[in-house]
Amino acid sequence: MTDTTSNPPQVDTARASELGAVARFLKATEIDTRMLGMIGALLLIWVGLHVISSLRLGVNPLDFDSRTFLTPRNLWNLSVQSSAVAIMACGMVLVIVMRNIDLSVGSAEGLIGMVMGFAQVHFLVRFVGLELGNPWIWVLALFIGLVLGLLIGAFQGFIIAYLEVPAFIVTLGGLLVWRGAAWWVTSGQTVAPLDATFQLMGGGPAGSIGATWSWIVGIVACLAVVFALFNGRVQRKRFRFPLRPIWAETLLGAVTCAAIMGAVWLANSYPWPIGIVNRYAAANNITVPEGGLFIAHGIAIPVLMAVAVGLIMTFITNRTRFGRYVFAIGGNPEAANLAGINTRWITMKVFMIMGVLATIAAAISSARQNSSTNVLGTLDELLVIAAAVIGGTSLAGGSGTIIGAMLGALLMQSLQSGMVLLGVDSPLQSIVVGAVLVIAVWLDTVYRKRV
């Protein structure tokens, strides 16, 4: 009897040929399949949220109504909202790669934000004697925050590395201590308003670089991508490493530049609110035409800060001895110690970096709110850890990427923003975020077993 459940030989041959073509493409372009899957999941989430929001409002998904998900306004706000978590996720990658954890980043962010706010509103004005609007106020406040973040990271890193107290316990204690200290700074009072220049780090019409400079940044970024591909090819030839085909190099450059210019176009498609435009026109003696005056936001300053941090952290992890040591320690701590690597000092430096990044995130978050509050950074530690893990950082240590963590932050914020747009209750939002985190860890476990 003929087995009707088996596939004909022609079908099996076609499938094998198709899979072979995909494998050859991935090998030629050297694309990380996990990263490709994350980008696909992010796009799928965006499209799904857009369709659901459109159906909920009773509009055509192709009309891109201003209240749906895939609109310049929503995506621009999404990028700003993701910046603080993405910045801290860059540091969390190094922490988790070394088989540690930092549960205190949210509380540290809150304490540092409160101290920077207190410095601007009270300390530098009342005790130092600087006048309001002095250009040094925001500089000194940020410097104070950076020093505090560095000290917090060094303190926790010292206890973990040299006193050999588990990172989970140290940072869990830090979560409670720094949150209580944030309340103690002002006895629970909100500090506002913050320095006008400091507020630019929070985004908004004033905290963006405008259309012209956005295009300039996009062009420079594309030139940097072309240079990086060309330089990489030269270095491969120099050390006689395998070269990617020319078509693969061209494709990678074209896709990356298209994504960059598309992001710039999107940022320039979001105009200033009408009220702000009218006030700006009146202050600058500009006649507003009948159809209104279009002034683009452009790329937000916090997004530029997040991109800059991502590039610097990627360079540190991939191009420096320190970065190689971090991954070596995470892969095999005993072997790294026997190889002469000062594992304790490296561990302490990783937590110091985490403290500095928490300061930058605190500046962005408090600047967005134009105030320092006691709830600043609450539960951000969970979002940061989730972003790193969803981005491919293994809890077993030894593997992880900065770009993956930043994409993970964007994915997490997309889920939250989408659920807020759909009117999902807060408890259900927590359930969804928790479920996504568990699924991400499970997928990481499956992937590691297959590899």
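Let's start at glutamate 30, which is partly exposed with a relative accessible area of 42%; here buried means under 20%, exposed over 50% and partly exposed in between, using a 1.4 Å probe and protein chains only. Before going further, note that this is a predicted model, in which local features need pLDDT of at least 70 and side-chain atom pairs count only at pLDDT 80 or more, while totals for chains, interfaces and linings use all residues. Residues are numbered from 1 along each chain as its sequence is written, and side-chain values use heavy atoms, with hydrogens and water left out.

Glutamate 30 has a partner in arginine 236: the two form a salt bridge whose closest N and O atoms are 2.7 Å apart. The term stands for a side-chain nitrogen of Lys or Arg within 4 Å of a carboxyl oxygen of Asp or Glu. Arginine 236 sits in helix α8 (residues 210-238) and glutamate 30 in the loop between α1 (9-29) and α2, so this pair ties together parts that are 206 residues apart in sequence. Helices here are DSSP runs (H or I, at least four residues), numbered from the N terminus.

Now move along to glutamate 249. Its side chain meets that of arginine 233 in a salt bridge (3.4 Å, N to O). Because arginine 233 lies in helix α8 and glutamate 249 in helix α9 (residues 246-268), the pair ties together parts that are 16 residues apart in sequence. Glutamate 249 also forms a salt bridge with arginine 244, with 3.5 Å between the closest N and O atoms. Glutamate 249 counts as buried at 10% relative accessibility, arginine 244 counts as buried at 14%, and arginine 233 is buried too. Put together, Glu30, Arg233, Arg236, Arg244 and Glu249 are linked in a network of salt bridges. The structure holds five salt bridges.

From here, turn to the second largest pocket, with a volume of about 610 Å³. Of the 25 residues that line it, the closest to its centre are Arg34, Met38, Ile390, Gly392 and Leu443. On a 1 Å grid over the protein atoms alone, a pocket is an open set of points where a 1.4 Å probe fits, with protein on both sides within 12 Å along at least five of seven lines, and lining residues have an atom within 4 Å of a point. The volume is the space filled by probe spheres set on the points, which are joined across faces, edges and corners. Helices α2 (33-57), α15 (380-390) and α17 (426-450) each supply at least two residues of this lining, and α17 gives the largest share, eight residues.
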